[in-house]
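Reader: I'd like to learn how to read a model like this one, feature by feature. Can you walk me through it?

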Amino acid sequence: MEAYDLSQITSSDFTPYVQQSLEIHFAENVVVQAVLKGVTELNGYSPLERKSFSVELQTIGDHRAHQQGIYRIVHATGKFLDVFMVPIGPDREGMRYEVLFS
């Protein structure tokens, strides 16, 4: 696996992966399939050169709300990213989570 460099990541790094599958590793033995539902650029202050943005992830068929915390998301390419995720609510397809990059 290859990790992303958080200091260099921007919203455009996620845009090509919208509607693609990935895994969320909530624990060593709790891996859930999910989809990257969207990327939203935010208007707000950021001390970094990049703009703040958020991504929305949705689990597939898993409606459990895992507590907010740092979890690993893994793309099929093998790249992964450890991010702070917040549950934002369920819908018919699964539980939605938000990740904020500010």
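Author: We'll go from the overall fold to strands, charged pairs, rings and one backbone angle.

Author: First, some ground rules: this is a predicted model, where local features need pLDDT of at least 70, side-chain atom pairs count only at pLDDT 80 or more, and totals for chains, interfaces and linings use all residues. Residues are numbered from 1 along each chain as its sequence is written, and side-chain values use heavy atoms, with hydrogens and water left out.

Reader: Which residues does the UniProt domain cover?

Author: UniProt positions are given in the numbering used here, feature names are shortened, and annotations may be inferred rather than shown by experiment. The unreviewed UniProt entry puts "domain: DUF6916" at residues 10-101. That span is 4% helix and 57% strand, and its end C-alpha atoms lie 8 Å apart.

Reader: Now the strands. Why is E4 described as largely enclosed?

Author: Buried means under 20% relative accessible area, exposed over 50%, and partly exposed in between (1.4 Å probe, protein chains only). Six of the seven residues of strand E4 (residues 53-59) are buried, so the rest of the structure largely encloses E4. Over the whole protein chain of 102 residues, 37% count as buried.

Reader: And which strand does E4 share seven bridges with?

Author: Two strands pair if DSSP finds at least two bridges between them. Strand E3 (residues 30-41) is joined to E4 by seven bridges, running antiparallel; leucine 36 has leucine 57 in E4 as its bridge partner. E4 also runs antiparallel to strand E7 (residues 95-101), with six bridges, and glutamate 56 is partnered there by glutamate 98.

Reader: On to charges. How many salt bridges are there?

Author: Side chains of opposite charge can pair when their charged atoms come close. The cut-off is a side-chain nitrogen of Lys or Arg within 4 Å of a carboxyl oxygen of Asp or Glu. The structure holds five salt bridges. One of them joins glutamate 56 and arginine 96 at 3.5 Å, N to O. Glutamate 56 sits in strand E4 and arginine 96 in strand E7, so the pair ties together parts 40 residues apart in sequence. Glutamate 56 is partly exposed at 25%, and arginine 96 is partly exposed at 24%.

Reader: Is aspartate 62 buried or exposed?

Author: Aspartate 62 is buried, at 8% relative accessibility. Its side chain meets that of arginine 64 in a salt bridge of 2.7 Å, N to O, while arginine 64 is partly exposed at 47%.

Reader: What about the rings: how many aromatic pairs are there?

Author: A pair of aromatic rings is described by the distance of the centres and the angle of the planes. Rings of Phe, Tyr and Trp (its six-membered ring) pair if their centres lie within 6.5 Å; planes under 30 degrees apart count as stacked, over 60 as edge-to-face and the rest as tilted. By this rule there are five aromatic pairs. Phenylalanine 14 and phenylalanine 53 make a tilted one, 5.9 Å centre to centre with 50° between the planes. Phenylalanine 14 lies in helix H1 (residues 11-14) and phenylalanine 53 in strand E4, so the pair ties together parts 39 residues apart in sequence. Phenylalanine 14 is buried at 10%, as is phenylalanine 53 at 1%. Ring pairs link Phe14, Phe53 and Phe101 into a cluster.

Reader: Last one: which residue has a positive phi without being a glycine?

Author: Most residues other than glycine have a negative phi, and most peptide bonds are trans. Glutamine 19 has a positive phi of about 75° although it is not a glycine, and glutamine 19 lies in the loop between H1 and E2.

Key:
Helix = DSSP H or I, 4+ residues; strand = E, 2+ residues; numbered from the N terminus.
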